[in-house]
Amino acid sequence: MISRRHSVFFKLHAFFFLALIVLILLFISALAEQERQKFHLLTHRSMELSRIIDETKAQTCMEKNSELSEAGFKVIETKTPQCEAIILPPPMQSKLRSRNVKVTIYKDDSGFIYELSEGHCTMLYRDMTEGKTYYFVWFLFFALLGGLVNMYLLLWSNLKPLKHLYEQIRRYGEGEDILYASNNGKDEIALISNALYDALAKQNKLKKSRELFLRNIMHELKTPITKGKLIVELEEPSPNRTLLAKLFSRLEHLIHQMADIEKMHAYSLVKKSHNLDSMIQNALDNLMIERENVHLRGCDQNITVDEALFTSALQNLIDNAVRHASSLPIEIACDHEGICIRNSGEPLKRPVEEALQAFVTERGDGGLGLGLYIAQSVIDLHQFRLDYRYEEGIHIFCIRLRERK
């Protein structure tokens with residue numbers, strides 16, 4: 001299972017919220033800067049208005065109004081009821097005090113009004129160049145926010161098939177049949193999804209062909225082997241009879257191992273809670289091993305496994321221990337950590353990694369080298385671990401029952 005912090009969706013959400021926070025901070029900063037620029041502009045216009053009034057004292061009213069109009073100011077009679085006084089920052093107020101004319105700034109729905117007081121005379125002027133509130137920052141903010149949200153939703157919708165794809169792969173890995181679902185998208189995820197489904201379809205065809213091939217071989221072999229065993233039983237005791245009986249038993253054992261391999265590669269584990277002692281007893285019965293040749297202790301517990309496959313693994317490990325033991329009995333010891341099978345014997349002639357491969361035998365005893373390979377494969381399918389060590393003339397194979405992470 002993917003942890004939350006490693007998920008692509010978590011990274012996408014984190015990136016979106018981080019980008020959103022940055023965008024909001026930039027917007028707030030832009031608004032603050034716009035507010036500062038507005039105060040600077042008001043101060044500049046106020047000083048310009050007072051300069052014009054100061055410089056046109058000697059001119060006629062018509063000449064004065066003409067210069068004011070050219071500068072963007074219009075004389076008005078009175079303030080509107082909606083006027084609100086604007087308080088400028090102290091540095092800007094000090095700039096206005098540097099002139100002889102007192103300036104007060106008001107704002108209403110139509111723009112800015114400048115009140116100039118000189119002595120007992122008070123005049124009102126409206127700034128005609130100042131339009132309505134400048135909305136560029138707001139427009140830019142909502143445009144970027146819309147683009148960010150749209151990009152987030154687009155990426156999320158494109159990545160969403162990954163969850164379905166992961167679930168399908170997980171189900172396929174557990175041996176379940178999955179339905180082919182063609183993705184009509186044009187992005188890389190759609191191409192990967194379609195390529196994967198095509199590969200799985202080809203893999204299913206190969207798997208079914210192999211299963212059919214193995215079943216046909218096993219079916220064709222079972223009949224002559226059964227007839228051969230029956231004929232051997234009818235023969236008089238002799239060395240040849242014993243040899244043929246052993247040969248037919250090995251062939252029958254090979255068929256069972258092939259069936260185990262077929263089931264293993266089908267990935268069709270059916271895991272339930274089963275009694276470990278009962279499975280070991282079944283394995284001993286299948287091997288026809290006398291109870292006095294096995295010392296069993298501590299195995300009366302339940303474990304969650306596929307009973308048929310795990311019994312097969314136990315059977316192969318026990319059979320390997322008995323066939324290669326220099327003396328009997330062998331020992332099978334269990335605890336909550338795992339199952340250990342011990343037998344005396346000479347050290348391995350090759351590394352244990354080689355002994356666990358298919359068709360590798362330690363002795364020329366007629367074996368096909370599939371026993372340990374099947375045991376290892378079954379244990380891997382259960383996410384357990386098979387350990388081996390050799391101590392003081394004792395071979396020890398241990399199945400660690402804690403699943404690998």
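Start by selecting C334: with a relative accessible area of 10%, this cysteine is buried (under 20% relative accessible area, with exposed over 50% and partly exposed in between; 1.4 Å probe, protein chains only). Before going further, keep in mind that this is a predicted model, where local features need pLDDT of at least 70 and side-chain atom pairs count only at pLDDT 80 or more, while totals for chains, interfaces and linings use all residues. Residues are numbered from 1 along each chain as its sequence is written, and side-chain values use heavy atoms, with hydrogens and water left out.

A disulfide (cysteine sulfur atoms within 2.5 Å) joins C299 to C334, S to S 1.9 Å. The pair ties together distant parts of the chain, 35 residues apart: C299 sits in the loop between β7 (294-297) and β8 (302-306), and C334 in strand β9 (residues 330-334). Strands here are DSSP runs of E, at least two residues, and helices are runs of H or I, at least four, numbered from the N terminus. Look along the S-S bond: the torsion is about 75°, so the disulfide is right-handed. C299 counts as buried because its relative accessibility is 3%.

How many disulfides does a search of the whole structure find? Two, so select C340 and C398 next, whose sulfur atoms are 2.0 Å apart in a disulfide. This link is right-handed too, with 110° about the S-S bond. C340 lies in strand β10 (residues 338-344) and C398 in strand β12 (residues 394-400), 58 residues apart. C340 is buried at 10% relative accessible area, and C398 is buried at 1%. Counting bonded cysteines along the chain, the pattern is 1-2, 3-4.

Next stop, I332. Its contacts (heavy atoms within 4.5 Å), not counting residues up to four places away in sequence, include C299, C340, I280 and I318.

I332 is also among the residues with the most contacts inside the largest nonpolar core, along with L276, I280, F310, L317, I318 and I399. That core has 46 residues; a nonpolar core is a set of buried Ala, Val, Leu, Ile, Met, Phe, Trp, Tyr and Cys residues joined through side-chain atoms within 4.5 Å. Helix α9 (residues 307-324) gives the largest share, seven residues. For a second, separate core, of 16 residues, pick F39, L42, I53 and L116, which are among its members.

Finish on helix α4 (residues 136-159), where the buried residues are V137, F141, L148, Y152 and L159.
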